[in-house]
Amino acid sequence: MKLPREQISNHVAEILETLIVKGSGLFPGVKPNAAEIVERVNTLTYYQLRLGEPLDFFDPRLDLEVLDKAAKEQTRKSQVVAVTAGVGTGFFGLPGLAVDLPVLVANTVGLVRRHALTYGFTTIEDSSNDPTPLLLALGASVGADMVIDRVGIKVGEKVGLELGTKFVEKYLVTRISEQFAARIVTSWLPRLVPLIGTATVAALDTVFLTLTGRQSMRYFRKRHLDVRHFIAATNLEREKWKAIATSAARTPPGAAPLPPAPVPSSEDS
C-alpha cells in the first residue's frame, strides 16, 4: 500500500494556514499565556529577580538552566495532550488520522510559541500580521532542512522578495508541511490495525512531540544565548533588548542572527 504522503502534506498545509495565517482561535491551547510562563520562571527562581515579562529572561543574573527546565515542562504538557489525542483517535484506525492530525499540528505550533516566550522572545506573539518568525521556528523544530539552510530566503531573493511576503510565507508553509508529513507518515501503518494502533499511535505522537520539543528548545536556546552575548558585549541598555531579540527571531537558522559587537577604538580606552 502506497502511503499518501502528499495528501498528508496538503492537509498539514491547510491546518498551518488556518493556525498561522487565519488565526488560532479555532484550536484551543495554541495561544500561550505569557503571564503564566513568567510566573513559572519566578517560582523556579523563588522570586529572587521578580521578573515582570519574558523580555526580563535576558537578564544575565537569570540562570539559563531555569529556562531550560521551564521549556522541558512545556514539552511534557504537550506530550500529555498528544497521548490523550493519540489514544482517542487511534482506536478508529485510519479515519482517526483526520481528527488526530489537526490536534498534533496545533499542539506543535502551541509548543513552539510557548518555547519562544520561555526563552524571552515575544516576536511571534507581537507579529500578528507577519507569520515569518513562527514559520522559521516551526521549520527548524520539525527539521525542515529546506527552511533552515536558507533556501527559502534565496528563492525570495531571486524574485526580489523579502521575508514577510506572501510568496515566501507560502514557500515556508509548503516545506514545513512536507517535513511534517514525512515524520508522521509512519503512523498510518499502525492505524490499519485499530486495536494495535491505539497505543502505538499515542506513542508515535508522543515521540514526535519529544523530538520537536527538543529541536525547538535548541533553536530558541541558541538565539537566547546570541542575544545575551550581544547585550553583554555591547553593554546594551534594557530598552534596546527587545529590538535585538526581534532581530534574532526574524533571522533564518544558519545565518548570523545579530550584527557583530562593535570593537572599542583606542580613543575609548
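This is a predicted model: local features need pLDDT of at least 70, side-chain atom pairs count only at pLDDT 80 or more; totals for chains, interfaces and linings use all residues.
1. Overall fold. The protein chain holds twelve helices and zero strands, so that, read from the N terminus on, its elements run α-α-α-α-α-α-α-α-α-α-α-α. Of the 269 residues in the chain, 51% are buried. Among contacts with a separation of 6 or more, 78% are accounted for by residues 24 or more positions apart.

2. Nonpolar core. The largest nonpolar core comprises 64 residues, and those with the most contacts inside it are Leu 16, Val 105, Phe 121 and Phe 220. At least two residues of this core come from each of helix H1 (5-21), H2, H3, H4, helix H6 (132-141), helix H9 (166-184), helix H11 (194-234) and helix H12 (241-249). The most is given by H4, which supplies nine residues.

3. Surroundings of Phe 121. Leaving aside residues up to four places away in sequence, Phe 121 touches Phe 58, Ala 116, Phe 220, Arg 223, His 224, Val 227, Ala 245, Ala 248 and Ala 249. One of these partners, Phe 220, is itself listed with Phe 121 among the residues with the most contacts inside the core.

4. Helix H2. The buried residues in H2 are Ile 37, Val 38, Val 41, Asn 42 and Leu 44. Viewed down the axis of H2, these buried residues fall within an arc of 165°, and therefore they line one face of the helix. Ala 35 and Glu 36, on the other side of H2, are exposed. As background to this pattern, an α-helix has 3.6 residues a turn, so residues three or four places apart point the same way.

5. Helix H6. This helix is mostly covered, with ten of its ten residues buried; they include Pro 133, Leu 134, Leu 135, Leu 136 and Leu 138, as well as Thr 132 and Ser 141. After H6 comes Gly 143, which has a positive phi near 75°.

6. A buried aspartate. Asp 68 is found in helix H3, and with a relative accessible area of 9% it counts as buried, because that value is under 20%. Not counting residues up to four places away in sequence, the residues that Asp 68 touches are Tyr 119, Met 217 and Arg 221.

7. Largest pocket. The volume of the largest pocket is about 370 Å³. It is lined by 22 residues, of which Gly 29, Gln 74, Lys 77, Ser 78 and Arg 114 are the closest to its centre. The elements that contribute two or more residues to this lining are helix H2 (34-44), helix H3 (64-90) and helix H4 (97-118). Sorted by class, the lining has eleven nonpolar, five polar and six charged residues.

8. Backbone at two loop residues. Most residues other than glycine have a negative phi, and most peptide bonds are trans. Arg 50 has a positive phi of about 50° although it is not a glycine, and Arg 50 is located in the loop between H2 and H3. With a relative accessible area of 66%, Arg 50 is exposed. Asn 235, likewise not a glycine, has a positive phi of about 50° and is placed in the loop between H11 and H12. Asn 235 also counts as exposed, at 67% relative accessibility.

Note on methods: Residues are numbered from 1 along each chain as its sequence is written. Side-chain values use heavy atoms; hydrogens and water are left out. On a 1 Å grid over the protein atoms alone, a cavity is a set of points where a 1.4 Å probe fits but cannot get out, and a pocket is an open set with protein on both sides within 12 Å along at least five of seven lines; lining residues have an atom within 4 Å of a point. Grid points are joined across faces, edges and corners, and a volume is the space filled by probe spheres set on the points. Helices (H or I, at least four residues) and strands (E, at least two) are DSSP runs, numbered from the N terminus. Ala, Val, Leu, Ile, Met, Phe, Trp, Tyr, Cys and Pro count as nonpolar, Asp, Glu, Lys and Arg as charged, and the others, Gly among them, as polar. A nonpolar core is a set of buried Ala, Val, Leu, Ile, Met, Phe, Trp, Tyr and Cys residues joined through side-chain atoms within 4.5 Å. Buried means under 20% relative accessible area, exposed over 50%, partly exposed in between (1.4 Å probe, protein chains only). Contact means heavy atoms within 4.5 Å. The arc is that of the directions from the helix axis to the C-beta atoms.
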